[in-house]
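Look at the structure first, then read on.

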Amino acid sequence: MNFQVLPRNKAKKLSYKELPYSCVIISITDPGEEPVLFATNPGIKAVLKLQFEDVIDESPLSMDSRDAERIIDFVNIWKDSVESIVVHCEAGISRSAGVCSALMLWINGNDNDIYNNPFFHPNRLCRSLLLEELIKREYL
């Protein structure tokens, strides 16, 4: 499985391109921000829209276990029928990298592409919540 971690503006631009692959998008925006309006694109099979803050401590606006469940359920539906999973957040550095890291461990068996790239600073809360849910479901 291919993975892409993108900032909000690049994820939106991606939806306007003719894609040579099929993908799904996990769209993470700040609470209270307008969700990204993606162009209709035959290469984009589905979009999961979530809102939570980029924090590493649990708070009312941080990612929670329900978000982790929704992400895993969404990926489970699509992982065998698309070529790529795109994960974006506002800057494409922390939340999206944390989510993508856990998904890469689950599906590809490693997350080296995230941790070997100095641009990414994976959000530990996002990553740990997903890994906990994957372990609970016995996927890891």
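Start with one residue in this predicted model. Ile26 touches Leu48, Leu50, Ile71, Phe74, Val75, Ile85, Val86, Val87, His88 and Leu103, leaving aside residues up to four places away in sequence.

Ile26 belongs to the largest nonpolar core, which has 34 residues. Ile26, Ile71 and Leu103 have the most contacts inside this core. At least two core residues come from each of E1, E2, strand E3 (44-51), H2, E4, H3 and H5. H3 gives the largest share, seven residues.

| Core | Residues in core | Some members |
|---|---|---|
| Largest nonpolar core | 34 residues | Ile26, Ile71, Leu103 |

Now turn to helix H3, residues 95-108. How far apart are its end C-alpha atoms? They are 19 Å apart. At 1.5 Å a residue, its 14 residues should span 20 Å, so the two values agree.

Of these 14 residues, 11 are buried, so H3 is largely enclosed by the rest of the structure. The buried residues include Arg95, Ser96, Cys100, Leu103 and Trp106. What covers them? The cover includes strands E1 (2-7), E2 (23-29) and E4 (84-89). It also includes helices H2 (65-78), H4 (112-115) and H5 (124-136). Just after H3, Gly109 takes a positive phi of about 85°.

Technical notes:
Residues are numbered from 1 along each chain as its sequence is written. This is a predicted model: local features need pLDDT of at least 70, side-chain atom pairs count only at pLDDT 80 or more; totals for chains, interfaces and linings use all residues. Side-chain values use heavy atoms; hydrogens and water are left out. Helices (H or I, at least four residues) and strands (E, at least two) are DSSP runs, numbered from the N terminus. The expected span of a helix is 1.5 Å times one less than its number of residues. Buried means under 20% relative accessible area, exposed over 50%, partly exposed in between (1.4 Å probe, protein chains only). Contact means heavy atoms within 4.5 Å. A nonpolar core is a set of buried Ala, Val, Leu, Ile, Met, Phe, Trp, Tyr and Cys residues joined through side-chain atoms within 4.5 Å.
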